[in-house]
Amino acid sequence: MIMKSIPPFWERMKSISAEDISTAVHETGHALIAYFSGAKDFIHQIQIKREGNSLGAVKFNGNIPHGIFQLIAVGGSIANDFQVTPHGFGHDFMQIKMINPGTSIESLQASGRALLNKIPKEVRENVASIIAYLKVIPGSLLPTIIARAYQEYQATLDGTAYLLSDFEVSYEKA
């Protein structure tokens, strides 16, 4: 069993590199689209860890229907404040086209934006910062992370963020 103490947003950000947060935002896009498209139970692991040419990954268990998998794959390209850039998405787009070469990336991105709009940008950023802080998490921890991200967001809106303390998570190694 792994036990971690996770500091509030402003403290977490001091210990996370720009590369890790950028990677986490990308991977969070994939994970949140999986979560909101009904594939959350397939998420095995979210990692911000270099493996070969990849800086991070969302790993899945089981067979996700092709249409949902394509939607998940496009998630990283729209996760960073819905800005589409040509960097880091080549493999994602390749997976989409391998399933169906005629698939419209733009159409998938529009559907993905609709799913990501279910939660405020600040909550998505908080989720990404928690994932970047932890580096490797099991998919089963994602709902807890989303709940904490909402709590931090609400505390910021209420002007009570200074009252937030570390929160503890425990989980099985992914």
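This is a predicted model: local features need pLDDT of at least 70, side-chain atom pairs count only at pLDDT 80 or more; totals for chains, interfaces and linings use all residues.

Trainee: Let us begin with helix 2 and helix 5. At roughly what angle do their axes cross, and within what distance do they come?

Mentor: The axes of helix 2 (residues 18-36) and helix 5 cross at roughly 80° and come within 9 Å. Angles of 65 to 115 degrees count as roughly perpendicular, and helix 2 and helix 5 are therefore roughly perpendicular to each other.

Trainee: Which residues of helix 2 and helix 5 meet?

Mentor: From helix 2 come Gly29, Leu32, Ile33 and Phe36, which meet Gly112, Leu115 and Leu116 of helix 5. By class, the residues of this contact of helix 2 with helix 5 are 5 nonpolar, 2 polar and no charged.

Trainee: At what angle do helix 4 and helix 5 pack?

Mentor: Helix 4 (residues 90-99) packs against helix 5 (residues 105-116) at about 110°, and their axes are 11 Å apart. That angle makes helix 4 roughly perpendicular to helix 5. The crossing of helix 4 and helix 5 is right-handed. On the side of helix 4 the contact is made by Phe93, Ile96 and Lys97, and on the side of helix 5 by Ile105, Leu108 and Gln109. The residues in the contact of helix 4 with helix 5 comprise 4 nonpolar, 1 polar and 1 charged.

Trainee: How is helix 2 placed against helix 3, and at what angle do they pack?

Mentor: Helix 2 and helix 3 have axes 7 Å apart and pack at an angle of about 140°. With that angle, helix 2 is oblique to helix 3. The crossing in which helix 2 passes helix 3 is right-handed. In helix 2, the residues His26, Gly29, His30, Ile33 and Ala34 meet Leu71, Ile72, Ala73, Gly75, Gly76, Ser77 and Ile78 in helix 3. The contact of helix 2 with helix 3 divides into 6 nonpolar, 6 polar and no charged residues.

Trainee: Let us turn to the core. How many residues does the largest nonpolar core have, and which have the most contacts inside it?

Mentor: A nonpolar core is a set of buried residues joined through side-chain atoms. Here the largest nonpolar core has 45 residues, and those with the most contacts inside it are Ile46, Val127, Ile131, Leu134, Leu142 and Ile145. At least two residues of this core are supplied by each of helix 2, strand 2 (43-47), helix 3 (66-78), helix 5, helix 6 (121-134), helix 7 (142-158) and strand 5 (167-171). Helix 2 gives the most to this core, with 8 residues.

Trainee: Is Leu142 buried or exposed?

Mentor: Under 20% relative accessible area counts as buried. Leu142 has a relative accessible area of 1%, so it is buried. Leu142 is found in helix 7. Leaving aside neighbours within four places in sequence, Leu142 is in contact with Ala31, Tyr35, Ile43, Ile46, Val127 and Ile131. Ala31 is 111 residues from Leu142 along the chain, yet their C-alpha atoms are separated by 8.3 Å.

Trainee: What is Val127 in contact with, leaving aside its neighbours within four places in sequence?

Mentor: Val127 is in contact with Thr28, Leu142, Ile145, Ile146 and Ala149, when those neighbours are left aside.

Trainee: Where is Val136, and what does Val136 touch beyond residues up to four places away in sequence?

Mentor: Val136 is in strand 4. Its relative accessible area is 23%, so Val136 is partly exposed. Not counting residues up to four places away in sequence, Val136 touches Gln45, Ile46, Gln47, Lys49 and Tyr171. From C-alpha to C-alpha, Val136 and Val58 are 9.7 Å apart in space, and they are 78 residues apart in sequence.

Trainee: Finally, where is Leu55 found?

Mentor: Leu55 is found in the loop between strand 2 and strand 3 (57-60). Leu55 counts as partly exposed, at 29% relative accessibility. Not counting residues up to four places away in sequence, Leu55 touches Glu19, Thr23, Ile48, Lys49 and Arg50.

Technical notes
Residues are numbered from 1 along each chain as its sequence is written. Side-chain values use heavy atoms; hydrogens and water are left out. Axes are lines fitted to C-alpha atoms, for helices over the stretch in contact, and angles run from 0 to 180 degrees between N-to-C directions. Angles under 35 degrees count as roughly parallel, over 145 as roughly antiparallel, 65 to 115 as roughly perpendicular and the rest as oblique. A crossing is left-handed if the near helix is turned anticlockwise from the far one by less than a right angle, and right-handed if clockwise. Contact means heavy atoms within 4.5 Å. Ala, Val, Leu, Ile, Met, Phe, Trp, Tyr, Cys and Pro count as nonpolar, Asp, Glu, Lys and Arg as charged, and the others, Gly among them, as polar. A nonpolar core is a set of buried Ala, Val, Leu, Ile, Met, Phe, Trp, Tyr and Cys residues joined through side-chain atoms within 4.5 Å. Buried means under 20% relative accessible area, exposed over 50%, partly exposed in between (1.4 Å probe, protein chains only).
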